[in-house]
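The following report is meant for a reader who meets this structure for the first time.

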Amino acid sequence: MKVDAFQHLQQIRAKFGPGIFGKIAQKLLAIALHEAGFFDIVEREVQGADIDATNIMGKKYTLEVKTTDGESIPISRENIEALKDRTKDGYLPVIAALRIQMFEDWVFANIPLGNLRPGSFPLSRLRAYRIKDIETSVCPAFEVVVNQHCSGVLAGGEHYLSQVLAQKRSECK
Amino acid sequence: MFHLTRVRIRNFRGFTDEQELKFDQPVVLLFGGNHHGKSSTLNAVEWCLFGENCVGRKTGIRERIGWEIPNRYVSGGSVVVEVEFKGPSGNYIITRELRGTGRRASGNITVQLPDGTKLQGEDAERQIYTLYHSSFQDFMTTVYQHQEAIRATLTQEPRDRNDAIDRLLGLSEYRELVRGIIDAKIENIYKAMGSDFEGFRQLAQQSIYIYDKEAKEKKEKAIAEGVEEETITEQEALHRTKDIGEAVISFAQDLGVSDLQITMPQSFGEVAPFREDVKSKIDYVWLSSPDMVKQTALERKQRELGSLIGEYQDAKTAEAGAQTGRDEFVQLHGDEATLVKTAKAQQENITEVEDQIRKSNAKANLVREAVQYLEEVVSDIDRRRCPLCGADAPQLLNQLKNEWEEKIKVEISDLELQRNEHQTKLRHFDTLKGQLEDLEGKLAKARSSLEECIKKVAAALQREIGKHDDPLALLNTQLQKITSELESRKKALEKKGEKRIAIFDQLAKLRTIDEILSLERKRAIVERIWDTREFRELDKLRDKASQFMEDVEAIKSSLAAAAREEAETKIIAAGTSLDKYFCRIANHPTIRGLALEVIEDPRTGLNSYNIKSNDGLDPTPILSQGDLNCLALSLFFGLAEVTAGTQPFAFLMLDDPTQSLWSEMKGQLVSVLEEITERYELVISTPDAEFKNLLMTNITKNKDVYDFLGWTKNNGPQIARNA
């Protein structure tokens with residue numbers, strides 16, 4: 001992630017605080033997935049995996065979205081269960097993690113669910129399971145989305161991004 | 001199944017000369033005190049079968065680390081252990097030899113088959129494995145109950161007890177491998193790599209923050225100075241250079257310089273040299289223009305005249321001072337002629353007085369000599385006559401003496417006083433003359449300096465200066481003229497100078513823009529690091545390192561899982577045997593339904609064992625050392641029982657099994673052993689006489705006893721067969 005996008009994310013976090021920021025980052029990622037050519041995107045605010053998305057080849061992914069300042073992310077039993085649950089419908093479980101630091105990008109990791117334990121999970125371990133194809137298309141799209149919608153988010157918060165997502169979904173239809 | 005029939009030992013550990021022990025009875029007891037060679041005898045059988053595999057850390061037995069095979073007190077001789085087994089097809093003789101020690105040690109193994117065929121080296125090792133299908137771990141778990149294994153089980157430290165139970169179950173290799181992975185601390189290397197990378201990332205981040213901060217500050221300053229924010233671009237900076245170039249040429253023409261050449265920048269990188277070039281050219285044009293040259297000349301003249309005024313005033317003051325000094329002196333002391341005249345008069349006075357002195361001296365000499373003559377030379381009679389004329393002069397001597405004292409001496413003294421006074425005056429006049437000469441010299445010098453100064457003034461004013469001219473007034477008049485001209489010229493130049501200042505102002509803005517853009521460029525360079533091929537390669541390497549870490553973790557987990565699985569299998573197989581033997585040997589009043597449970601140690605991934613009784617509680621806190629020993633023996637017997645069907649060996653070796661057992665337990669152990677003798681032959685080593693007696697009394701099978709009577713450095717164990 002380049003400096004501009006990072007600074008925009010910092011502004012957003014400074015305004016809304018870490019809790020809301022996590023939800024905003026999730027929505028921004030959902031929009032970035034749209035921009036990167038994914039479809040059938042479902043972004044959940046409450047129960048279940050955070051995002052479902054299908055790529056152009058028809059491969060289905062279910063994402064648990066995590067943002068952090070440090071070098072590890074918290075994984076809960078519910079997160080693991082949510083991912084496991086979606087695998088029944090043919091989704092590939094993915095942890096999408098972003099360290100909010102300059103020059104850090106989203107890591108999309110298809111870590112075997114058996115290797116996941118509730119607790120703190122080091123980001124460095126996710127590297128072994130990176131899905132480069134997703135990262136290559138989604139990370140640049142995410143930067144564009146952040147730069148494009150930063151002022152909208154700062155003005156309208158989560159609601160603004162929900163509207164953008166709804167619009168994207170209707171465009172797809 | 002294979003029966004142990006004989007062992008021949010030479011130079012192995014405590015052994016020296018060759019000794020042979022036969023195991024031709026169902027129960028063979030090795031009895032004797034500690035350090036008499038009993039355990040070495042059992043170890044010799046093990047070493048003969050497994051060689052290096054039963055030595056060192058990999059065995060999981062602490063005593064085997066740095067274990068010495070050759071007898072350190074015997075020099076030169078090779079170690080030989082020969083074991084004979086009776087198998088289904090006949091007798092097999094295995095001979096293992098070791099020559100030398102340390103790195104120069106070389107070994108050999110021979111297996112003699114029942115048909116007399118002899119196999120050596122790797123063939124022999126393969127043959128042993130083919131015959132027994134037994135590893136050292138299997139042997140240690142189900143055939144040879146080690147003394148050390150019991151000792152370790154007795155420990156209260158969970159880690160050590162887990163180690164010991166792993167060993168009892170033959171899982172030391174797994175444990176060693178997992179521990180090796182843990183001790184390698186690969187994750188630390190990986191963490192250090194991550195930390196280095198993080199340091200680099202932070203450095204880059206810091207650089208960007210600094211560049212951003214500086215650029216922001218400069219931008220704010222530039223905007224405050226009238227630069228429009230949208231013009232802070234490379235393109236706009238180049239446009240600005242064009243305007244500046246044109247302004248400089250126009251400015252040069254205003255000043256009368258028509259041939260000025262300026263190289264215009266073609267790219268943003270050339271802006272900085274352009275700025276320097278333009279700056280030096282403006283200075284050049286400004287300083288070399290006719291108006292400026294004239295002004296400079298006038299300013300120089302102004303400074304020159306100003307300096308001359310000061311110089312003239314100083315010279316004039318000095319001359320006046322010298323004149324006054326000299327005049328006052330003359331007034332006080334007279335001029336040179338007066339002084340010379342006065343000095344001459346004094347000299348004449350001195351001459352006159354000296355003449356009087358000389359005359360007085362002649363008379364004085366005469367009187368003095370006469371007195372001397374009258375006093376020293378003549379008689380009293382002659383003394384009354386004049387020595388010159390012979391006339392009577394009775395008072396002559398007295399008269400002469402009076403003359404000398406009252407007249408001559410006083411007269412001469414007065415004259416000398418007068419002479420001194422004249423001489424002092426003469427010297428005073430000489431001094432005054434010298435002072436006058438000095439004053440005259442100073443006056444002459446001051447006059448000369450003034451004349452020189454006047455000449456300079458004449459040269460500066462380019463005119464002659466006569467006696468009646470006042471140089472100071474002339475200088476002031478000229479200076480006024482120049483100052484006035486300079487003022488009018490400066491006013492004329494100020495207008496042209498405004499253009500120059502405007503160009504400098506433009507240059508300063510260009511410089512600020514250049515600096516802002518340079519900072520942004522530097523920032524962009526740092527940012528681009530993340531797009532470089534090198535960075536992508538580094539990123540891949542980090543991924544690979546992470547994959548490696550995951551692989552290592554997977555191997556570690558697999559090993560731990562395999563160890564756990566195998567432990568569970570063995571524990572399940574031992575099943576009720578563990579409880580059965582424990583209840584029989586320990587005969588504990590409350591503990592029943594003893595079972596061993598294996599779980600994963602969450603910290604290390606290694607096996608962790610829980611012992612539970614039928615009430616679901618861990619009984620170890622209430623177990624005595626004897627109980628724990630019973631537990632270890634129970635586990636061994638349980639495993640031996642489980643493997644009885646598949647076990648290649650028809651014997652068990654027990655090394656000091658009664659450690660910490662009290663009498664009742666020993667009795668129970670013997671009763672268990674009596675039962676075991678139905679399935680296995682037994683070789684038991686013990687220093688325990690009570691246990692020996694119990695065995696001899698209660699074991700119904702034939703028994704053989706080897707008494708280990710003592711041990712000496714030169715002869716090794718002293719063994720006596722006592723059937």
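## Chain A

Buried residues make up 39% of the 173 residues in chain A, a value that, like every other one here, is computed from a predicted model. The chain has 4 helices and 7 strands, and from the N terminus on these elements follow one another as α-β-β-β-β-α-β-β-β-α-α. Among the contacts in chain A between residues at least 6 apart in sequence, 62% join residues that are at least 24 apart.

A:Asp40 has a phi near 50°, a positive value in a residue other than glycine, and its place is in strand E1 of chain A, which covers residues 39–43. With 12 C-beta neighbours inside 10 Å, A:Asp40 counts as exposed.

## Where the chains meet

Between the two chains, 14 residues of chain B are in contact with 10 residues of chain A. On the side of chain B that touches chain A, helix H7 (186–224) and helix H14 (533–586) of chain B each supply at least two residues. Sorted by class, that side of chain B has 5 nonpolar, 4 polar and 5 charged residues.

## A mixed sheet in chain B

In chain B, 6 strands form an open sheet in the order E8-E11-E12-E3-E13-E14, and their pairing is mixed. Strand E8 (144–145) and strand E14 (716–721) of chain B stand at the edges with a single partner strand each, so that one side of each is left without a neighbour in the sheet. E8(B) is joined by 2 bridges to strand E11 (residues 651–655) of chain B, and these two strands run parallel; B:Gln145 has B:Leu654 as its bridge partner in E11(B).

How many residues of E3(B) are buried? The count is 6 of the 6, so this strand is largely enclosed by the rest of the structure. Both of its faces are covered, with B:Val27, B:Leu29 and B:Phe31 buried on one side and B:Val28, B:Leu30 and B:Gly32 buried on the other. E3(B) runs parallel to E12(B), to which 5 bridges join it, and also parallel to E13(B), to which 6 bridges join it. B:Phe31 stands opposite B:Thr686 in E12(B), while in E13(B) its bridge partner is B:Asp707. Helix H17 (residues 689–698) of chain B lies across strand E3 (27–32), strand E12 (681–686) and strand E13 (703–712) of chain B, running at about 160° to E3(B).

## An antiparallel sheet in chain B

Another open sheet of 6 strands in chain B has the order E2-E1-E4-E5-E6-E7, with antiparallel pairing. At its edges stand E2 and strand E7 (118–120) of chain B, each with a single partner strand, so one side of each is left without a neighbour in the sheet. The twist averages 15° from one strand to the next. Within this sheet, 7 bridges join E1(B) to strand E4 (residues 79–87) of chain B, the two running antiparallel, and B:Ile9 stands opposite B:Val81 in E4(B).

Helix H1 (residues 38–50) of chain B packs on the sheet, where it touches E1, E2, E4 and strand E5 (90–99) of chain B, and its direction makes about 100° with that of E1(B). Helix H2 (residues 121–132) of chain B lies across E5, strand E6 (106–112) and E7 of chain B, and runs at about 50° to E6(B). In the loop between strand E1 (3–10) and strand E2 (19–22) of chain B lies B:Asn11, whose phi is near 60°, a positive value in a residue other than glycine. B:Asn11 is buried, with 23 other C-beta atoms within 10 Å.

## A hairpin in chain B

Strand E9 (residues 595–600) and strand E10 (residues 607–612) of chain B are joined by 6 bridges and run antiparallel. The two form a hairpin with 6 residues between them, and B:Gly605 in the turn has a positive phi of about 85°. B:Glu600 has B:Asn607 as its bridge partner in E10(B).

## Nonpolar cores

The largest nonpolar core has 96 residues, of which B:Val45, B:Val81, B:Leu652, B:Met653, B:Leu682 and B:Val683 touch the most other members. A second, separate core of 69 residues includes A:Ala96, A:Trp106, A:Val138 and B:Ala222.

Key. Residues numbered from 1 in each chain as written. Chains lettered and ligands numbered in written order. Predicted model: local features only at pLDDT ≥ 70, side-chain atom pairs only at ≥ 80, totals over all residues. Core = buried A, V, L, I, M, F, W, Y, C linked by C-beta atoms within 7 Å. Buried ≥ 20, exposed ≤ 12 C-beta atoms within 10 Å, placed from the backbone. Contact = placed C-beta atoms within 7 Å. Nonpolar A, V, L, I, M, F, W, Y, C, P; charged D, E, K, R; others polar. Pairing = 2+ DSSP bridges. Axes fitted to C-alpha atoms, helices over the stretch in contact; angles between N-to-C directions.
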